[in-house]
Amino acid sequence: AKPDEQTETILERLAVSHALAQSVRLCGFEESIQATITATRHLPRELAIKGSISASRRSISQKLGRLFQTRHEVYLHSDML
């Protein structure tokens with residue numbers, strides 16, 4: 001194969017490799033966000049129905065902390081996606 005063809009093949013492989021890596025990273029973010037949604041889905045409904053949330057302040061603060069942490073990770077790595 002000619003040098004130009006070899007370079008083109010290498011660049012194509014690099015592009016595919018990069019796309020796969022991005023896909024895996026995005027999948028990890030999606031799983032983390034879905035877990036957060038699942039863990040907190042009941043809170044808005046409970047607040048709307050009862051006017052309060054039965055969880056402790058500490059528990060709610062921990063959930064908020066995890067949410068902020070997940071959001072920060074997504075923002076931090078979004079330039080790579």
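This is a short talk on one protein chain and what its model shows.

Okay, so before anything else: what we have here is a predicted model. Keep that in mind as I go through it.

Let's start with the fold. We've got three helices and zero strands. If you read along the sequence, the pattern is simply α-α-α. Two of those helices will come up by name today: α1, which covers residues 3-40, and α3, which covers residues 57-77.

Now, overall shape. What radius of gyration does the protein have, against what a compact globule of 81 residues would have? The globule would be near 12 Å, but the protein has 21 Å. You can see that in the C-alpha trace too, which spans about 70 × 20 × 15 Å along its principal axes.

How much of the protein is buried? Buried residues make up 6% of the 81 residues. As for the accessible surface, that comes to about 6800 Å², and 59% of that surface belongs to carbon and sulfur atoms.

Take Ile10, in helix α1. Ile10 and Ser56 are 46 residues apart along the chain, and their C-alpha atoms are separated by 56 Å.

Ile10 counts as exposed because its relative accessibility is 55%, and the cut-off for exposed is over 50%. Glu30 has 47%, so Glu30 counts as partly exposed. Glu73 comes in at 32%, so that one is partly exposed as well.

On to charges. The protein has 11 positive and 9 negative charges, and their mean positions are 20 Å apart. Where do negative charges gather on the surface? There's a patch made of Asp4, Glu5, Glu8 and Glu12. Glu12 belongs to helix α1. With a relative accessible area of 45%, Glu12 is partly exposed. Why can a partly exposed residue be in a patch at all? Patches take residues with over 30% relative accessible area, and Glu12 has 45%, so it passes that cut-off.

Last stop, the nonpolar side of the surface. Leu64, Leu67 and Phe68 form a nonpolar patch there, and together they have about 270 Å² of accessible area. Leu64 is part of helix α3. Leu64 is partly exposed because its relative accessible area is 40%.

So, to recap: three helices, zero strands, a radius of gyration of 21 Å, and 6% of the residues buried. On the surface, look for the negative patch with Glu12 among its members and the nonpolar patch that includes Leu64. That's me done, thanks.

Terms used
Residues numbered from 1 in each chain as written. Predicted model: local features only at pLDDT ≥ 70, side-chain atom pairs only at ≥ 80, totals over all residues. Heavy atoms only, no water. Patch = residues over 30% accessible without salt bridge, like charges linked within 9 Å, V, L, I, M, F, W, Y side chains within 5 Å. Areas by Shrake-Rupley, 256 points an atom, 1.4 Å probe, with all protein chains shown as cover. Salt bridge = Lys/Arg side-chain N within 4 Å of Asp/Glu carboxyl O. Helix = DSSP H or I, 4+ residues; strand = E, 2+ residues; numbered from the N terminus. Buried < 20%, exposed > 50% of the residue type's maximum accessible area, 1.4 Å probe, protein only. Rg over C-alpha atoms; globule rule 2.2 N^0.38 Å. Lys, Arg positive; Asp, Glu negative; His and termini not counted. Charge placed at Lys NZ, Arg CZ, Asp CG, Glu CD.
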